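Me: I am new to reading structures, and I would like a close look at a single part of this one. Could you pick a place to start and then lead me through what surrounds it?

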Amino acid sequence: DDIVSAELGGAMKNIMALAVGISDGAGFGDNTQALVMTRGIAEMSRLGVQLGGRAETFSGLSGVGDLIVTCVSEHSRNRRAGLMIGRGIPPQEAIENVGAVVEGFFATKAVHHLVEGLAIELPICSAMYNLLYLGEPIGDVALSLVKRDGRPEIDQDLTQPYSLASAGPVLRSARLRLVPVGMRHLNDIFTEFNDAVTVYMTPAPAKVVSDTETFLRGTIANRSKGLETVFAIESTSGEFLGLCGVHETDTKTPSLGVWLKMDAHGNGYGREAVGLVIDYARSEYAPMHFIYMAEVRNTPSRAIAEYYGGVQQGIEETKSQLGRPMSMVRYHIPGKE
């Protein structure tokens, strides 16, 4: 059930296969091939845990198993492209010569943008970006990797229980699974966070998908800094239902927020998700109370706050990002019990 790690492993193994092909094409030999594969799986695990996955998933077929076959198979498109690049053929020409999609080329750029703002090191992925997109010579890229300072073979933070909590836990009920939001939710959020959903909310829907991408980058960065945790609400079968989060977690009065896609309304999912997040935040942050804002006309949202003991503190007049007048009821929901 570790979808984050499975999807990330399926993308990043193509970067490593491209790197192995380049290494072989440049004549670096078997030891370098083993180095790239071994440290490659470490980078995959490191990023997977940062995005809410589990390190052990990368030790299975969707991780190291897929990595090995993609790196060494003569049928691997990424390895074939890498061999040509390693022999001096420009990347774009090598991809054209393969005659099929070379996923590692595009995954390299995607991972580069994904980790912007995160406190995480991915040396091989960074070196591949410099080589493929910035034109850095293969020799210089290789030298930058071998000159790195030594470090433990196994990332200690991936072996400790708290590492998963710092990346964001998975919260569960009989009907729902709340997972730390990530880039795999990009299209769902862009599509479902629309005019109908935001009629009683201050944020406006994104006009272009890059706006949603910027939101996700900021949310992921804030999670790594301990400032907030935003969860994607999913059914137990994996259907995306909405988002629920706890914000300003560096204070004693964090705020709560939730929204559901339109066809998920009326099932009690919002109240259930907020309850899971409240329980998590109470144990994790011991807040004095939670702040919950709901537009005065949004009866279902106000009912959630009142269900969890929220007490009205007043009404704040404001405007949405689209200029609509909003009367926001401020609730205080009890924090530490």
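Reply: Let's start at leucine 322, which is in contact with Ala204 and Pro205 once its neighbours within four places in sequence are left aside; contact means heavy atoms within 4.5 Å. This is a predicted model, in which local features need pLDDT of at least 70 and side-chain atom pairs count only at pLDDT 80 or more, while totals for chains, interfaces and linings use all residues. Residues are numbered from 1 along each chain as its sequence is written, and side-chain values use heavy atoms, leaving out hydrogens and water.

Leucine 322 sits in the loop between β7 and β8. Helices (H or I, at least four residues) and strands (E, at least two) are DSSP runs, numbered from the N terminus. With a relative accessible area of 48%, leucine 322 is partly exposed; that label lies between buried (under 20%) and exposed (over 50%), using a 1.4 Å probe and protein chains only. Valine 258 is 64 residues away along the chain, and its C-alpha atom is 19 Å from that of leucine 322.

Now for the strands on either side of the loop. They belong to an open sheet of eight strands with mixed pairing, in the order β1-β2-β3-β4-β5-β6-β8-β7. Two strands pair if DSSP finds at least two bridges between them. Strands β1 (171-172) and β7 (311-319) are the edges, each pairing on one side only. Strand β8 (residues 325-334) runs antiparallel to β6 (residues 289-295), with seven bridges between them. One example is phenylalanine 290, whose bridge partner in β8 is isoleucine 333.

Helix α13 (residues 299-307) touches β5 (255-260), β6, β7 and β8, and its direction makes about 160° with that of β6. Such angles run from 0 to 180 degrees between N-to-C directions, with axes as lines fitted to C-alpha atoms, for helices over the stretch in contact.

Which residues of α11 are buried? They are Thr212, Leu216, Arg217, Thr219, Ile220, Ala221 and Arg223. The 16 residues of α11 should span 22 Å at 1.5 Å a residue, and the end C-alpha atoms are 23 Å apart, which agrees; the expected span is 1.5 Å times one less than the number of residues. Just after α11 comes glycine 226, with a positive phi of about 75°.
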